[in-house]
Amino acid sequence: MTDLPLERDVRKLASAVSGPVLAPGDEGYAAECSRGNLAVAHRPQVVVGAATEGDVQAAVRFAREHALPVGVLATGHGPSLPVDEGVLITTRRLDGVRVDAGARTAHVEAGALWGPVADAAAREGLAPLVGSSPSVGVVGYTLGGGLSIGMARAHGWAADHVRAMDVVTADGELRRTAPREEPDLYWALLGGKSNFGVVTAMEFTLFPVTRLYAGNLCYAGEDADQVLRAYRDFTAGAPDEVTSSFALMRMPDLPFLPEFMRGTLTVHVRVSCVTPAAQGARLVAPLRDAAPLLADTVTEIPYADCLGIVPGGSEPWAAVEHFALLDDLTPQAVEAVLDTAGPDAATRIDIVDIRHLGGALSAPPAAPNAVGNRDAGFAVLTLTFTAPGEAARSAASGTELTERLAPRPGARRHPTFLSHADAVEERTAAAYSPETYRRLRAVKARYDPDNVFRFNHNIPAAG
């Protein structure tokens, strides 16, 4: 660090906060800046490992004093956008979880992961709208909308059930926000994500669910055609109590994967039914008959076990993602998926994941928020694994499918499904209606007019 006044003030900051404060060259700097998706490398001027809300306030105030931008590292397995200057705040030490069984709510700190939250809720006979893995960060997932693997179509977006949040805004103030308390900030954070401050805690509703009929149906890659067509028919008649997804997976030979998945194409249908087991079995029967099964884990399970439906490890990895929204899984869409990533395709794409939306996901929330584009029927994800630091070489992998599915330049998007390629204003804006985007810019002008929080899918301040 060559700026001596800044170096002096970094030492002062380090003495004032509970967690580590590190600069390039310091021992532990690289490890503190690394998390989740290793396709992105962070090189901030200062990284603050926040252990308290006061640490977050001190980091933001330090940044403002030195006219530095602020980024927040994604806690779970999702990617952050590169932070190559300014101050990076990590929140993994803020991992407290508290469940109020009487109120049916959970209060979590900024770095909490879904695994501990689901376990804490289960001990009280309750269930949150969890992500797809125990290692998904609760707050970042929810601020984007939050598509639950267990009960999305039954109860909607996780953001729709947030009761209140604590957030440090660009002036360094810690604010409490709820539907009736700083309501514009509450509205904007849920969907507008990290553009308006650092959320340090969140309170949300839990549901009295203890069991699901859920799991994963696995098929050989050569059966992709008939399974995808059976899945299309299945979703056309699925009740809101059923949440599901279809995936084509070309996985490397990794020890944590089932042997039949290693180094080959497999087909997966993941289902979760908030129904009695007998009813769930009747609903899933056509999928079981679609093709010979390599594995069938669909059965009645404790709710928290739905976090294991999608196979995967907890170690960091590097990957490039792209997304598209579909109104319907049309024959043309099915053909595009099979042509691009099916058993006869020469492709670099490792995973194509098609998630069924609709149901309660399409309904407006009781307390309005900025999560829009609720009328989509399906979301499509492509994922290509890459070596850390080499993501640029694979940056376009997956677009051969997503651009075929959504060929219009201004195709709608969703705040939950935004990739690095979408970190330009016109693509970020497409995740919202024009009216919502104008309001988000107005809220940005009120709470962060200098765009301190800009290492994200950035929403510029109005004016």
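Modeller: Some ground rules. This is a predicted model, where local features need pLDDT of at least 70, side-chain atom pairs count only at pLDDT 80 or more, and totals for chains, interfaces and linings use all residues. Residues are numbered from 1 along each chain as its sequence is written, and side-chain values use heavy atoms, with hydrogens and water left out.

Biologist: Why is the contact of Asp240 and Arg153 called a salt bridge?

Modeller: The term asks for a side-chain nitrogen of Lys or Arg within 4 Å of a carboxyl oxygen of Asp or Glu. The side chains of Asp240 and Arg153 meet at 3.7 Å, N to O. So the pair qualifies as a salt bridge. A search of the whole structure finds 26 of them.

Biologist: What does the pair of Asp240 and Arg153 tie together?

Modeller: Parts that are 87 residues apart in sequence. Asp240 lies in the loop between α8 (224-237) and β11 (242-250), while Arg153 belongs to helix α6 (residues 152-155). Helices (H or I, at least four residues) and strands (E, at least two) are DSSP runs, numbered from the N terminus.

Biologist: How do you know whether Arg153 is buried or exposed?

Modeller: Its relative accessible area is 3%. Buried means under 20%, exposed over 50%, partly exposed in between (1.4 Å probe, protein chains only). So Arg153 is buried. Asp240, at 38%, is partly exposed.

Biologist: Which labels go to Arg413 and Asp422?

Modeller: Arg413 has a relative accessible area of 13%, so it is buried. Asp422 has 1% and counts as buried too. Their side chains form a salt bridge at 3.1 Å, N to O. Elsewhere, salt bridges that share partners join Glu32, Arg92 and Arg93 into one network.

Biologist: And what makes Asp353 and Arg355 a salt bridge?

Modeller: An N to O distance of 3.6 Å between their side chains. Asp353 is buried at 6% relative accessibility. Arg355 is partly exposed at 24%.

Biologist: What is Ser245 in contact with?

Modeller: Leaving aside neighbours within four places in sequence, Ser245 is in contact with Tyr231, His268, Val269, Arg270, Asp353, Ile354 and Arg355. Contact means heavy atoms within 4.5 Å. Ser245 lies in strand β11. It counts as buried, at 9% relative accessibility.

Biologist: Now the sheets. What makes β1 and β2 a pair?

Modeller: Two strands pair if DSSP finds at least two bridges between them. β1 and strand β2 (residues 46-49) have two, in the antiparallel sense. So they pair. Val21 has Val48 as its bridge partner in β2, and Leu22 has Val47.

Biologist: In which order do the strands of the five-stranded open sheet run?

Modeller: β5-β6-β9-β7-β8, with antiparallel pairing. Its edge strands are β5 and β8 (174-177), each pairing on one side only. β5 and β6 are joined by four bridges. In β6, His107 is the bridge partner of Arg98.

Biologist: Last one. Why are α8 and α10 called roughly antiparallel?

Modeller: Their axes cross at roughly 150° and come within 11 Å. Axes are lines fitted to C-alpha atoms, for helices over the stretch in contact, and angles run from 0 to 180 degrees between N-to-C directions. Under 35 degrees counts as roughly parallel, over 145 as roughly antiparallel, 65 to 115 as roughly perpendicular and the rest as oblique. So α8 and α10 are roughly antiparallel to each other. Residues making the contact include Leu228 of α8 and Val334 of α10.
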